[in-house]
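Reader: I am new to this structure and would be grateful for a guided reading of it.

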Amino acid sequence: FLYALCTINNPGELLNFMLDMVQRGCPPDVLTLNTVIHGLCKASRVDEAKKILDDMKIGNVCTPDVITFSTVIRGLSDLGWLDEAFDILHEMQQRGYSPNVLTYNAIIHGLCKAQKIDKAFEVIDEMECNGLRPDSVTYTAIIDGLCETAQLQKALSFWHGIVKPSRNHDDFIYTSLLRGMCKAGEFVEARNILDGVLKDGFAPGIVTYNVLIDGACELGLKMEAYDILNQMRENNLTPD
RNA sequence: CAUAUGGUC
């Protein structure tokens, strides 16, 4: 049943199905509602998602949990409605819910996409005050935001200063960084970073190589592109 | 391994 809800990425059907349940005297549980809310958010129908959340808060149905709030925050962030996202964040805190890393990451991601990097750093401070450590998802959002706002130097120092020492880096982070460097025309430097990552024993995935090949092509570095392709094969990756 | 967050296309 839940699988069905996930697969139907059709908000209308989703809502109908849920109403159907209610009418048959099957009150949806929090998991069900979270799934529905997620579906609504994905379809950018955050208003309706918020309505369900309101119902839950009033106590008409079951009680929302951290995931419920996080999901709505994500939906709002993705639409760039950051003020509203913060409203929900504060509200959940007032109600005694503790946002977790995923909650914060959702809002940080939204801030970075909106190029409000300073604000994003403030949120990181807040989460650290609450005893939460930023994880690799947090870092990816930040690096991505810095690159998109042409603050490559900051991205690099963030990488060297914070991310690498935290030993919390993965494919996503350095791929984001490498993409920013390619876009800035720093292909050679990007390769240096990649080599460093390889030396540290990390195995970049296909997307990492795709980004570099794309970067090389954009910069007219045909030989470099082939070179990367060969390196990919050496690492037992099949180009997609 | 029942629901929420990040990278290329």
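Author: A residue is called buried under 20% relative accessible area, exposed over 50% and partly exposed in between, with a 1.4 Å probe and protein chains only. This is a predicted model, in which local features need pLDDT of at least 70, side-chain atom pairs count only at pLDDT 80 or more, and totals for chains, interfaces and linings use all residues. Residues are numbered from 1 along each chain as its sequence is written, chains are lettered from A and ligands numbered from 1 in the order in which they are written, and side-chain values use heavy atoms, with hydrogens and water left out.

Reader: Is Cys112 buried or exposed?

Author: The limit for a buried residue is under 20% relative accessible area. Cys112 has a relative accessible area of 5%, so Cys112 is buried.

Reader: How many disulfides does a search of the whole structure find?

Author: A disulfide is counted where a pair of cysteine sulfur atoms lies within 2.5 Å. For Cys112, the nearest cysteine sulfur is that of Cys147, 11 Å away. For Cys62, the nearest is that of Cys26, at 13 Å. Over the whole structure, the number of disulfides found is zero.

Reader: Which helix gives the most residues to the surface near RNA strand B?

Author: A residue is near the strand if one of its heavy atoms lies within 4 Å of it, and helices (H or I, at least four residues) and strands (E, at least two) are DSSP runs numbered from the N terminus. The residues of this surface divide into nine nonpolar, 14 polar and four charged; Ala, Val, Leu, Ile, Met, Phe, Trp, Tyr, Cys and Pro count as nonpolar, Asp, Glu, Lys and Arg as charged, and the others, Gly among them, as polar. With six residues, the greatest contribution comes from helix 11.

Reader: Which base atom of RNA strand B is 2.7 Å from the side chain of Asp170?

Author: Asp170 is one of the residues that come nearest to RNA strand B. An N or O atom in the Asp170 side chain lies 2.7 Å from a base nitrogen.

Reader: With which side chain does that of Ser136 make a polar contact?

Author: A polar contact is a pair of N or O atoms within 3.5 Å; within protein, one must be able to donate a hydrogen and the other to accept it, and residues adjacent in sequence count only if both atoms are side-chain atoms. Ser136 is found in helix 9 and is buried, with a relative accessible area of 15%. At 3.3 Å, the partner of its side chain is the side chain of Asp170.
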